[in-house]
Amino acid sequence: MSDKPPRLILFAGHAGTGKTSLAKKILPQITARSGQQFFFLDKDTAYGAFSSHIMGLLTGDPNDRDSPTYLKHIRDLEYSGLLDIVRENFELGINVVLVGPFTREIMAGKFFQPALLGLPAETQCRIAWIDLDSEEARRRITKRADPRDAWKLAHWESYLQRRVEPPLHASLYRFDNLQATGTAEEQLLFHLLS
């Protein structure tokens, strides 16, 4: 167990913003500059196949990740499980880079007080909120042709109502992934490791 406070770096934001790609790109620099190891945890990798199976049983649509049924019966269990994995890594002295929307939890301020998530109160939490305007996000979602996005695209106006603006907080940094440059990534890294 490390004597340093655990670190949680969250790449959050709405669908199609490039959270996972950016997190994977930046992770080697996070590790090199911090001198610490990080466990990489992505929501879709951890729960994608499982949730597909369950939603297939519940609704007959294994690709549903946005309907009221998913939000009511599956969503919170996925997020709770991710935080359990974070907690276990912390107990082993391993920091975590976590990728997932976590919109409800951020809007409720829980990542600003990690104890509200069941994590050690001393956890150093930094959030990279990945921004992308809705039209560009829709273009990217359409281009990636992931069947799990079908509900979003078919109910785009309803989905847009869930695209919230994150609260202002010192631990949250907004990163415009459409205007990403080397300088912008340096500023993001500085924030994540501060």
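Reader: Why is D76 called partly exposed?

Author: D76 has 42% relative accessibility. Buried means under 20% relative accessible area, exposed means over 50%, and partly exposed is in between (1.4 Å probe, protein chains only). So D76 lands in the partly exposed class. Keep in mind that this is a predicted model, where local features need pLDDT of at least 70 and side-chain atom pairs count only at pLDDT 80 or more, while totals for chains, interfaces and linings use all residues. Residues are numbered from 1 along each chain as its sequence is written, and side-chain values use heavy atoms, with hydrogens and water left out.

Reader: What makes D76 and R75 a salt bridge?

Author: The rule asks for a side-chain nitrogen of Lys or Arg within 4 Å of a carboxyl oxygen of Asp or Glu. For D76 and R75 the closest N and O atoms are 3.1 Å apart, and that pair forms a salt bridge.

Reader: And R75, why is that one called buried?

Author: R75 has 5% relative accessibility, so R75 counts as buried.

Reader: How do you know that E165 and R174 meet in a salt bridge?

Author: Their side chains come to 2.7 Å, N to O. E165 counts as exposed because its relative accessibility is 54%, and R174, at 34%, counts as partly exposed. Elsewhere, salt bridges that share partners join D66, R144, D149, K152 and R162 into one network.

Reader: Which residues does L189 touch, not counting residues up to four places away in sequence?

Author: I26, Q29, I30 and R33, where contact means heavy atoms within 4.5 Å.
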